[in-house]
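Trainee: Can we go through this one together? I would like to start with the overall layout.
Mentor: Fine, here is the entry.
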Amino acid sequence: MESLKLPATGRTPEVDFDFAQGVLRLSGESYPDDVATFFGPIFAALRGFLAEPGGHPVRFDMELLYFNSSSAKALMNIFQMLETAARDGRSISVTWCYEENDESMQELGEDFAEDLHHVAFTLKQIPADGAS
Amino acid sequence: MLAQQYAGIKRDLDEKGIIFSFSGYVSEGILYSLGEALREKMTLEETDGPTVRRVFAVFVEQMQNIIRYSAEKVTGAREKPVELSAGMVTIGMEGGKVFIVCGNTVYNADVPRLRDRLEYLKGLDKDAIKTYYREQLREAPEEGARGANIGLIEIARRASEPIEYDFLQMDEGKSFFCLKARI
């Protein structure tokens, strides 16, 4: 399956889904003016990838610095897809990165982790780069 | 006369501690530009990263509430669909804390439900807000809602004090709605 790569824009995160390697990454900020238009193709690609036979292990790196409440719903969708695939036997790990001192992002990671029972979820503190 | 009038408006804003204000039609494009200006200003003042993000997060949810729910709107499409919604956004400092107040008109018919939600949120403590957010994250969007429905909870969650709100009935059809969050 072909990779999905989208460069970051002022309002949308960089998407780097390397399906061949099973390494997926979202990084940056997410507050798109139209959440459905931005996340629609991401959901479709991920759904297609998870439905493929073979069961390649998956690593998902969440490196978001900020997302709005509509994006939170979209992320919930992504996590539900990952959890379902993991429950069905796929090996899936998610690393949730948050900058040191950013309690909001740490807590949001914990919010999502609460529902994940089959996905291996790790919270990872990263140094603040000084930029916001 | 002209300078006197506008100096009066400015004095009013200054007295309320408002350092940033916008009144008029807002759109997603204006949200983006104002948001960037707001972040640049706070970063220049060496506000720490997480605080900048919390203020910005509340600003985004407040602006998107205006864009989606203002009762005064102009919509149309030329090259792409545009949605302009009338409202106000002000950001200021008060007792060492940043506050954001947004105002827009809403339909009277929508007031009771909005009031109920805000009153409920206002009564929750930090942990209860967190739990409520987690619950709503799992809910399907309400009928007719365009947002995630958790925008107001996000505002309350990022605020350091309970949110404040008020309604003023303007005529038979509409009311003016204000929401204040202190970060």
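Mentor: From the N terminus on, chain B runs α-β-α-α-β-β-β-α-α-α-β-β, where helices (H or I, at least four residues) and strands (E, at least two) are DSSP runs numbered from the N terminus. This is a predicted model, in which local features need pLDDT of at least 70 and side-chain atom pairs count only at pLDDT 80 or more, while totals for chains, interfaces and linings use all residues. Residues are numbered from 1 along each chain as its sequence is written, and chains are lettered from A and ligands numbered from 1 in the order in which they are written.
Trainee: How many helices and strands does chain B have?
Mentor: Chain B has six helices and six strands. Its radius of gyration is 17 Å, close to the 16 Å that the globule rule gives for 183 residues, so chain B is as compact as a globular protein of that length. The radius is taken over C-alpha atoms, and the rule is 2.2 Å times the number of residues to the power 0.38.
Trainee: What about chain A, how many helices and strands there?
Mentor: Three helices and six strands, in the order β-β-β-α-β-α-β-α-β from the N terminus. The C-alpha trace of chain A spans about 40 × 30 × 25 Å along its principal axes.
Trainee: Which feature does UniProt place on chain A?
Mentor: An unreviewed UniProt entry places "domain: SiaC family regulatory phosphoprotein" at residues 7–125 of chain A. Positions are given in the numbering used here, feature names are shortened, and annotations may be inferred rather than shown by experiment. That span is 39% helix and 31% strand, and its end C-alpha atoms lie 24 Å apart.
Trainee: Now helix packing. At what angle do the axes of α1(A) and α2(A) cross?
Mentor: At roughly 5 degrees, and the axes come within 11 Å. Axes are lines fitted to C-alpha atoms, for helices over the stretch in contact, and angles run from 0 to 180 degrees between N-to-C directions. That makes α1(A) roughly parallel to α2(A); angles under 35 degrees count as roughly parallel, over 145 as roughly antiparallel, 65 to 115 as roughly perpendicular and the rest as oblique.
Trainee: Which residues meet there?
Mentor: Among them are A:F39, A:F43 and A:L46 in α1(A), and A:A74, A:I78 and A:M81 in α2(A). Contact requires C-beta atoms, placed from the backbone, within 7 Å. The contact divides into nine nonpolar, three polar and one charged. Ala, Val, Leu, Ile, Met, Phe, Trp, Tyr, Cys and Pro count as nonpolar, Asp, Glu, Lys and Arg as charged, and the others, Gly among them, as polar.
Trainee: And in chain B, how are α3(B) and α6(B) placed, parallel or antiparallel?
Mentor: Their axes come within 9 Å and cross at roughly 155 degrees. The two helices are therefore roughly antiparallel. By class, their contact has three nonpolar, four polar and four charged residues.
Trainee: Last topic, the two chains. How many residues does the contact take from each?
Mentor: 21 residues from chain A and 24 from chain B. On the side of chain A, α2(A) gives the largest share, five residues. By class, that side has five nonpolar, seven polar and nine charged residues.

Notes: Contact = placed C-beta atoms within 7 Å.
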